[in-house]
Each structure stands twice: as C-alpha cells, then as structure tokens.
Amino acid sequence: MNSLNPLGRGVRILPVGLVLLAGAIAPAHAQYEDPELAALIAEIDALSARFPAFTPFPWTEEEGQTAFLYGDTKGIIHHIVSDEGRLHEQWKSFPLEGTVREIFAEDLDGDGRYEIVAHTTGLRVYVWETEKYELLWESVEENFEAIHAMVIADVDRDPAQEIVLCANNKIAYYDGIEFFREKEGRDFIEPTVMLIADVDNDTTDEIVTNDGYVIDTNSLSIEWATDGFGYPMSLFDIDDDGVPEVVGEMGGAVQFWDVEDQREIW
Ligand SMILES: [Ca+2]
Ligand SMILES: [Ca+2]
Ligand SMILES: [Ca+2]
Ligand SMILES: [Ca+2]
C-alpha cells in the first residue's frame, strides 16, 4: 500500500519539546485508563503512520474523547471526534484545489490551539485555525510547480514553528504566523520524505531528505550527502548514544546511517 503513495507518515519525528507541549495542552491523561479509548488512539496512530492524508488531532474539548483529520477523494478535510465510541464530524473544509497529499495538526503559533496544515495535489498549501476554523493561509501567490514533501518544525530563532517545504526542488520555510517565505535553499533536491532532527550532535537540527541529503536548518545548505536513505525513512537511536541514526529501506533491505560519523553502520 505504501508503494502507491510516496509520502510516508511514519517518518515524522517530533522534536522532544513538541511532544511535551502536546502533552501539556491535551486533556488529562486519565483518558488512557479507558482501554477502548486507548485502543482507538493506537488505531488512529497506526492509520496516520500509513496514510499521509490522515493524522491524529491531539486536542479535544472533553476528556474521554479523541479526534483525527483526514482528506477525502473530493478534496475535503474532515475533523472527526470520537465521543464514547461514537464518531461525529466536528468540521469539514470546503473542497480544496486537488486532494490532500499530507495533513498535519500542529500548534504553529504556540497559543495552545492546534492549526490544521495540508498540501494538495493541486499544489496548494492551506492553514486553518481550529477555534472558528478560519482559513489563515491558502498559498495562491506561490505558483508551485511541484510540492515534494512537507514537515513542520521550529527551524529558526522565532518561537513559532515553520512550515518547511520542498517545492520546485528547493527547500524553503515559511513563517508559521504570517506565512511569508522566510528562507529558500539553493540546492536542487528531489525527496518524497523529509524529517528534522539533530542527527550529527552539534545542537542544531538538520533537515534529512530521503534522496540522501543532510541540510543545515540555519543556512539551508547541504552538510553531507549520500546516495539516498531510501523509502520509507525514519530515525532510530540504534546505539543508544542519544543521537538518532537515520534508517531507511533500499531494495527491500533496511540500512542505518550514522550522520555524525558520516557512514552506514548496520
Ligand atoms: Ca495555534
Ligand atoms: Ca521559528
Ligand atoms: Ca545537528
Ligand atoms: Ca545514535
């Protein structure tokens, strides 16, 4: 199934701070004591790992609820809430330009409310807030010829998260509040998946692209390159030294790279 869709969701690795933030603004963890709810949450996580147009929405009005987002074949995003085992639609979008290729629920501006971020086969990026579901951005001015991959992370000095895109074969990031293009790289790359982490232990995060590039988040220049990390691609600290290794599949085999030592290790 994954081979039909070049965008792997399982590769998204949240910075630790984000995970903590998500925990802090979610309702009390009493919900996990309910085995049915815990099973549903596990199912939602599994689906989101497999389907890029499906993601958990990690905030609900009430304890005992859980929620997710998905994009349908008509290009409509649905926000579904499970309340005591019953699913209801809390919101749906207007039909987008194209269908959703990847969807994210992230608190871009750090106000404790999640935003919905998606990009589509129609080469548009959309952002909604989720109090009144007002559309905050539709990237009509950008004229993308291709959007290869997207990831959300705080990659610069302002506290907001950025929308990191590989579009038109270049890495760029967009301000998470005003949505202007803050920075664009010069190098030609063609990933289907990106992830962001400090993979070389220099305290600055890198952007890792599955076509084999490790890119500095400050300068957006390539720090190291190899033939490719493969697909799917993820991170795993296989030697337990606190620095994640890049793990990817190439020709059916799983390979591990230590980016700090710039070599394949397993
Ligand atoms: Ca927010
Ligand atoms: Ca930032
Ligand atoms: Ca680093
Ligand atoms: Ca390691």
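## A core, a sheet and a hairpin

Of the 54 residues in the largest nonpolar core, Val-151, Ile-163, Val-164, Met-194 and Val-246 touch the most other members. A nonpolar core is a set of buried Ala, Val, Leu, Ile, Met, Phe, Trp, Tyr and Cys residues joined through C-beta atoms within 7 Å. Strand β9 (residues 147-153) gives this core its largest share, six residues.

This is a predicted model: local features need pLDDT of at least 70, side-chain atom pairs count only at pLDDT 80 or more, and totals for chains, interfaces and linings use all residues. Residues are numbered from 1 along each chain as its sequence is written, while chains are lettered from A and ligands numbered from 1 in the order in which they are written.

**The whole protein.** The protein has two helices and 20 strands. Helices (H or I, at least four residues) and strands (E, at least two) are DSSP runs, numbered from the N terminus. Of the 266 residues, 36% count as buried. A buried residue has 20 or more other C-beta atoms within 10 Å of its own; exposed means 12 or fewer, and partly exposed lies in between, with C-beta atoms placed from the backbone.

Val-246 lies in strand β18 (residues 245-250). Is Val-246 buried or exposed? Val-246 is buried, because 26 other C-beta atoms lie within 10 Å. Leaving aside neighbours within four places in sequence, its contacts include Val-199, Phe-229 and Trp-257. Contact means that the C-beta atoms of two residues, placed from the backbone, lie within 7 Å. Ser-234 is twelve residues from Val-246 along the chain, and their C-alpha atoms are separated by 6.0 Å.

**An open sheet.** Four strands form an open sheet in the order β9-β10-β11-β12, with antiparallel pairing. Two strands pair if DSSP finds at least two bridges between them. β9 and β12 (181-184) stand at the edges, each with a single partner strand, so one side of each has no neighbour in the sheet. From one strand to the next, the twist averages 20°. It is taken from axes, lines fitted to C-alpha atoms, with angles from 0 to 180 degrees between N-to-C directions.

The table sets out two pairings.

| Strands | Bridges | One partner pair |
|---|---|---|
| β10 (residues 162-167) and β11 (residues 170-174) | five bridges | Ala-167 and Lys-170 |
| β15 (residues 213-216) and β16 (residues 222-225) | three bridges | Ile-215 and Ile-222 |

β15 and β16 form a hairpin with five residues between them. In the turn, Leu-220 has a positive phi of about 55°.
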